[in-house]
Amino acid sequence: MRVALGLAATGLLRAPLRTLTRVLVLAASVALLGGMLVFVGNSLRTVAGTAVRSVPLDWQGPVTSYPQVLKVAAAVGRQPGVAQSYPAATAPLGGAAHTGPNGSSSAGAGAILAVPSDYPSHMRTLRLLQGSVQPGGVVLDQQMAATLQAQIGDRVSLRTGAHSRPVSLPVSGVALVTAPDKLFAPLNPLLGPAPAQPPANVAIVELGTFARLLAPGLPSTAQANPTSGQQPGAQTGVGWQVQVQLDPVPLSAGSPSSALTLATETKNRVERSLPGQVQFVDNLSDSLHTSAGDALYAQTLYIMLAVPGALIALGLAYLAALGTVERDRRDLALLRARGASRSDLLTLAAAESAILGIIAGLMGTAAGLGAVELLVSGGAHASTGRALSTAAVCVALAILGAAAARVGAIAAVLRTTVTESRGGVRRTGRPLWQRLYLDLFALAISGLVYWLTARTGFSAVVNPDSNPTLSLSVYMFLAPALLWIGATLLLVRLRGRLVGWITRRAVGPRARTPRGLLLISASRRAGAINRGLIVVGLLLAFGVNLGIFSATYDQQATVDAQLTLGADVTATAAPGVAARQDLARRVASVTGVRAATGVEHSYAYVGPDLQDTYGIDAATFTRATSLRDSYFIGATADQVIGRLRSTPDGIVVSKETIKDFSLNVGDLLRLRVLDQGTGHFHVVPFHVAGVVQEFPSAPKDSFMVANLAYLESVSHAGGPNVIFASVNGDPPTVAARVATATRAYGTKVDDISHQSSRTSSSITTVDLKGISQIEEAFAVVLAAAAMALFTALGIAERRHEFATMAALGAPLRQIGAYLWTEAAVVLGAGILLAGALGLALSEMLVAILQHVFDPPPDALAIPWGFLGALIGAAVLTTVLATLWAGRGLRRLALGEILREQ
Amino acid sequence: MTAVATATSTLTRCENVEVTHRQGEDRITALRGIDLDIAPGEHVALWGRSGSGKTTLLHVLGGLVVPSAGRVLWRGEPLSSLDAVARGRARAGSIAYVFQGANLLEHFSALENLVFALSVAGPPAQGQSAHSPEDLLALVGLGDKLDSLPAELSGGEAQRVAIARALAQHPQLLLCDEPTGHLDSATGVRVLDLIDALAQEFGFALVTATHDVDVAARAERIVELRDGQIVKDDRP
């Protein structure tokens, strides 16, 4: 092996320029993969970290009594991996009253949360706006404080039931309960997390005070029937629970899958250490499970977009290896003639590949890390370990790539006998895949899968009701993968016959003019042109596909963000505040706001299903946000909104509801609506005004839209709790102005840009921007390199021919025209191929991911800027490389070359 | 001898030509102190062993190699001091080569090889007759091989196409480098006969580089080379 290494090193040093070219090409190829690895690794850690941070309450363990909750919380808190463990309790609130200088006011039913005094400092379920949780006091939820018109120091009386004895406590603070759906959800560890409507009023009491003053009058509900808590207000007793937050650092160190495994292991260990004492409802695992699915989808998407580019880039390495193939072939033939066996030659090839691979792999790692650092916001975050593992993968890939290119280039020598290889005899006959027509088979299967996907609406992505998740099947990427493979193999099979046929048709039977000679030469070199076309065309197709898909993805992410948020800018306020302060008008008057409208978000029961219900002002809604016709079924957006406007008790329901309850437009629909005044649900008649499948700010599953005035008249919820605003300028800037203008009313202002960057269970989960920037940069560089290599290879292959032309007295311009012609043919055909294949691939990817795109795009977005840069880079490189090659022609050592036989 | 006299009586002339080139760290002298003139229509054989400098001298005469020292005059004009473009222009219309391996343009048919040479040479000078590529190929006996690619031709046929291609350049000087080197003896003789006949018919000067005594003997003048120097110039 040492001898082989020495021989290989000598051979490489003998042609330093060609060796450098091979190293650079290999390095560029593996840099793309290395950059992708680094990015995907970072991305997965980000997804895991975001999922961990997004869960306000990791575990909730119901227990039976106050002493038990104290004991278990303390024991859990000592377990490794647990960051916080608090005893807590929830209980029904029958009502509250406050008598102040302005008279008496009361609040309806709600819930009591009992926590230790230091709870708000360490847990993310509530945020203290004023004051603190103190023994003997009560902290009121912001809305309840507003309803009771109570301030810190005032005394309020709380009743746990309609007829129970009131307990008077001083107000020690005002808080915003940020995770009421978790805090007051029914806890059944066997069923896992269950959605529940948050209570309208929340009073927070110090745990000891609660145990002493309020709990004694209530039964414990820890072992209650899990369905008992599904309806708000149905909780009848005290729910003691241990609330736990895990240490986020180890959970965020890897992928969502590894975080899920770690979280599950920790939960099992903690439960085992307290046998029979506690079992947890695992909100964290629920979130991580969704994120793991998202991450799997993201990884597949990254791979689907990046791997073809990297593989084609390795084709460049083959082109680069071809540059030295004649010299290599002669050297190897000589070695075989001197007795070297095939295994000796393979050892030599392996040694050379190892040298090239190690150098190129290390360079590729540096380039990949550099690209991520430079192009991705947040940088590469490459620790020594990650850099080393990336380098190991890159070196291994580069060695494999170099070996594949080398063996491919010298295959003839390895296959043939000594005599044949010295004479340069090449293999004839078609390979097995051509005889089996695997290329056409792959294209047919690809088309079939696409047809099934597009025509039948089949999709591997499913959105189960109430818990939107993505599940992945290999099937979904079969169509584009087979299109790549089939198109590449078909190009190999054609060997440029199409180019040859077209040029021969243009020239006629015999070339008699200089132009005819150029074309006939190109037609007879169709195989070589095809080789360039495969690499250049497929690289450009990779770029086109990437650009179009990324642009469409970004476009839909923005649409999705608007759909998720509701409008360009939203301002959320406590119920009653928006109506009292006329927030819609105040927001509308902010500079940059085009229009604003108030929306009430509440809940109502359709049979046993609790659904989000939106009250809108049909007259102003469409000015403040955008509605697409595709959001509705059976009518346009204008028609549905018009019908709603003309039907005061009209309601637009989702298609699932229409189907489940056999409804038609105009039918009576009785809903149970929560009356915030009484805290109880009561039946209210509505009439179906339309069918909806998407709506701004609505969830992906069932929901309803009604007239704000009618809804308010039956829910007494205090009017809109969110203001939608459309803007003319930059959403974050306008959002900042809106926040300033409404700060006094305790609003929370959001904007579409902020929403786009947020992780959610939708297409916006995956930030494609980073990787598409890396890949687009590589696509431009590799396409340029491919054209340069093709031109350089043209000179290398035709040097004897060009020297003969020069010996005949042909001017350099005339000889150079042969290079220009071939470069133009490859570039032109490559652009055509890239346009067709790139567009088809993008169309396929979008069709396959139609259920991920929410809503599906009306048309593909074409990134003209990027495509211009891509084609421009290829054209510019072609011009520069051909000019450089032309200068090389001038320096051809004619005497020396013409002696070569 | 006056310059005018030189210009009229000599087609090409080498004056103290020296060619050296690098091989690694070493400098190899391929030609040294070459003084040679070729008259119009003259048939000269450059004879010597392999490595004696025959091919290099042939390349110097055609302007393919620029001498390291001395000069080459073409029809009284300095050829070796011209740039590559001007040397190419000089070659295109009057100096033709027939190489040992034919060196046909591999992606062109026999006819297209001639079309290419004609396109490079341009129209014939006044007094020279224009020949179509078909005529020239018929002249060398390959009227039925117009559309054959070089790979489809035998060695003798390829060499005849190379000769026809040379004729397409309306040469005043034909430089043949071991024209029978790759051919069997019978085919080689036929090719040499053809070249001689065409030289007679078209009146161009013919310089043939060969190591074969019999081939050299066909020339009216034999110049013997050894180690890059002319050791004998056997003028008739």
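Analyst: Two strands pair if DSSP finds at least two bridges between them; strands (E, at least two residues) and helices (H or I, at least four) are DSSP runs, numbered from the N terminus. This is a predicted model, where local features need pLDDT of at least 70, side-chain atom pairs count only at pLDDT 80 or more, and totals for chains, interfaces and linings use all residues. Residues are numbered from 1 along each chain as its sequence is written, while chains are lettered from A and ligands numbered from 1 in the order in which they are written.

On to the pairing: strand 7 (residues 173-177) of chain B runs parallel to strand 8 (residues 205-210) of chain B, and 5 bridges join them. Pick B:Leu175 and you'll find its bridge partner in strand 8 of chain B, B:Val207. Both strands belong to an open sheet of 6 strands in chain B, ordered 6-7-8-3-9-10, with mixed pairing. Strand 6 (95-98) and strand 10 (229-234) of chain B each have a single partner strand, so they stand at the edges with one side left without a neighbour in the sheet. On average, neighbouring strands here are turned by 20 degrees against each other, direction ignored (axes are lines fitted to C-alpha atoms, for helices over the stretch in contact, and angles run from 0 to 180 degrees between N-to-C directions).

Helix 6 (residues 155-168) of chain B lies across strand 6 and strand 7 of chain B, at about 175 degrees to strand 6 of chain B. Contact means C-beta atoms, placed from the backbone, within 7 Å.

Chain B has another open sheet, with 4 strands in the order 2-1-4-5 and antiparallel pairing. The edges there are strand 2 (26-38) and strand 5 (77-78) of chain B, each with a single partner strand. Inside that sheet, strand 1 (residues 12-23) and strand 4 (residues 69-74) of chain B share 5 antiparallel bridges, and B:Glu15 has B:Arg71 of strand 4 as its bridge partner.

What about chain A? Chain B puts 27 residues in contact with 25 residues of chain A. On the chain B side, helix 2 (54-61), helix 3 (84-94) and helix 4 (110-121) of chain B give two or more residues each, and helix 4 of chain B has the largest share at 7. That side divides into 14 nonpolar, 9 polar and 4 charged residues (Ala, Val, Leu, Ile, Met, Phe, Trp, Tyr, Cys and Pro are nonpolar; Asp, Glu, Lys and Arg are charged; the others, Gly among them, are polar).

Chain A itself has 33 helices and 22 strands. Helix 2 (residues 16-54) and helix 10 (residues 283-322) of chain A pack at about 175 degrees, axes 9 Å apart. That makes helix 2 and helix 10 of chain A roughly antiparallel (over 145 degrees; under 35 is roughly parallel, 65 to 115 roughly perpendicular, the rest oblique). Their contact has 25 nonpolar, 8 polar and 2 charged residues.

Helix 10 of chain A also holds A:Leu319, which is buried, with 24 other C-beta atoms within 10 Å (20 or more counts as buried, 12 or fewer as exposed, in between as partly exposed, with C-beta atoms placed from the backbone). Beyond its neighbours within four places in sequence, A:Leu319 contacts A:Val535, A:Leu789, A:Phe790 and A:Leu793.

Definitions and conventions. Contact = placed C-beta atoms within 7 Å.
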